[in-house]
Amino acid sequence: MSMRSTRTLGQSLMLTAFGVALVMLSTAHGADIQRGRLLYENHCVECHDDRAHYRNNRRANSLGEVHQWVIRWSTHLKLDWSGDERNDVAEYLYQRYYTPAQ
Ligand code: HEC
């Protein structure tokens with residue numbers, strides 16, 4: 001009985017450590033990429049459903065420019081995103097579509 005509860009405690013400690021590691025990973029660049037992805041998928045993919053959209057006819061060339069587009073579109077759609085949320089989406093898009101193939 002006591003061994004069993006010890007193992008359970010060990011398992012939950014490992015899960016906690018795993019959760020902490022995930023949080024640290026996702027904030028490593030000062031932006032929450034995961035939140036950026038969710039916001040983008042919820043609000044923007046009706047028009048941006050394909051990588052080709054960014055590849056073939058790309059207007060932005062830097063993180064700063066991507067950020068300007070995020071501001072433009074989130075304002076246009078009246079999403080009322082905070083600075084942090086715009087940052088997260090810009091960082092997500094930049095990493096996913098604007099950096100060399102990964
Ligand atoms: C109504 C359709 C539509 C929606 C919704 C939309 N976009 Fe766009 N987006 C476009 C079009 C079309 C362009 C091409 C530039 C232009 O004509 O304005 C574009 C361009 C962009 C670009 C520049 C891409 C490049 O060429 O480098 C970014 C970044 C972008 N949008 C982000 C977003 C984000 C973030 C959202 C959600 C807040 C969003 N868009 C929602 C249609 C849309």
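Colleague: Which residues form the largest nonpolar core?

Modeller: This is a predicted model. Its largest nonpolar core has 11 residues. They are Ala 31, Ile 33, Leu 39, Tyr 40, Val 66, Val 70, Val 89, Ala 90, Tyr 92, Leu 93 and Tyr 94.

Colleague: Let us step back to the whole chain. How many helices and strands does the chain have?

Modeller: There are five helices and zero strands. Along the sequence the pattern reads α-α-α-α-α. Of the 102 residues in the chain, 18% are buried. Now take the contacts with a separation of 6 or more: residues 24 or more positions apart account for 72% of them.

Colleague: Which residues make the contact?

Modeller: Helix 2 contributes Ile 33, Arg 35, Gly 36, Arg 37, Leu 39 and Tyr 40. Helix 5 contributes Glu 85, Asp 88, Val 89, Glu 91, Tyr 92, Leu 93 and Gln 95. By type, the residues of this contact divide into six nonpolar, two polar and five charged.

Colleague: How do I read the positions along a helix?

Modeller: An α-helix has 3.6 residues a turn, so residues three or four places apart point the same way. Then ask which positions are buried. In helix 5 they are Arg 86, Asn 87, Asp 88, Val 89, Ala 90, Glu 91, Tyr 92, Leu 93 and Tyr 94. These buried residues pack against helix 2 and helix 4.

Colleague: What does Leu 93 contact beyond its neighbours within four places in sequence?

Modeller: Leu 93 is in contact with Tyr 40, Val 66 and Tyr 98.

Colleague: Take Val 70 next. Is Val 70 buried or exposed?

Modeller: Count the C-beta atoms around it. The cut-off for buried is 20 or more other C-beta atoms within 10 Å. Val 70 has 27, so it is buried. This residue is found in helix 4. Leaving out residues up to four places away in sequence, Val 70 touches Arg 86, Val 89 and Ala 90. Val 70 and Leu 93 are 23 residues apart in sequence, and their C-alpha atoms are 9.3 Å apart.

Colleague: And Thr 99: buried or exposed?

Modeller: Exposed counts as 12 or fewer. Thr 99 has 9 other C-beta atoms within 10 Å, so it is exposed. Thr 99 lies in the segment after helix 5. Thr 99 and Leu 63 are 36 residues apart in sequence, yet 9.7 Å apart in space, C-alpha to C-alpha.

Colleague: Last, the ligand. Which residues come nearest to the ligand?

Modeller: There are 20 residues around the ligand, and Cys 44, Cys 47, Arg 59, Trp 69 and Trp 73 come nearest. Helix 2, helix 4 and helix 5 are the elements that give two or more residues to this shell.

Colleague: Which element gives the most to the shell around the ligand?

Modeller: Helix 4, with five residues. The shell divides into 13 nonpolar, four polar and three charged residues.

Note on methods: Residues numbered from 1 in each chain as written. Predicted model: local features only at pLDDT ≥ 70, side-chain atom pairs only at ≥ 80, totals over all residues. Contact = placed C-beta atoms within 7 Å. Helix = DSSP H or I, 4+ residues; strand = E, 2+ residues; numbered from the N terminus. Nonpolar A, V, L, I, M, F, W, Y, C, P; charged D, E, K, R; others polar. Core = buried A, V, L, I, M, F, W, Y, C linked by C-beta atoms within 7 Å. Near = placed C-beta within 6 Å.
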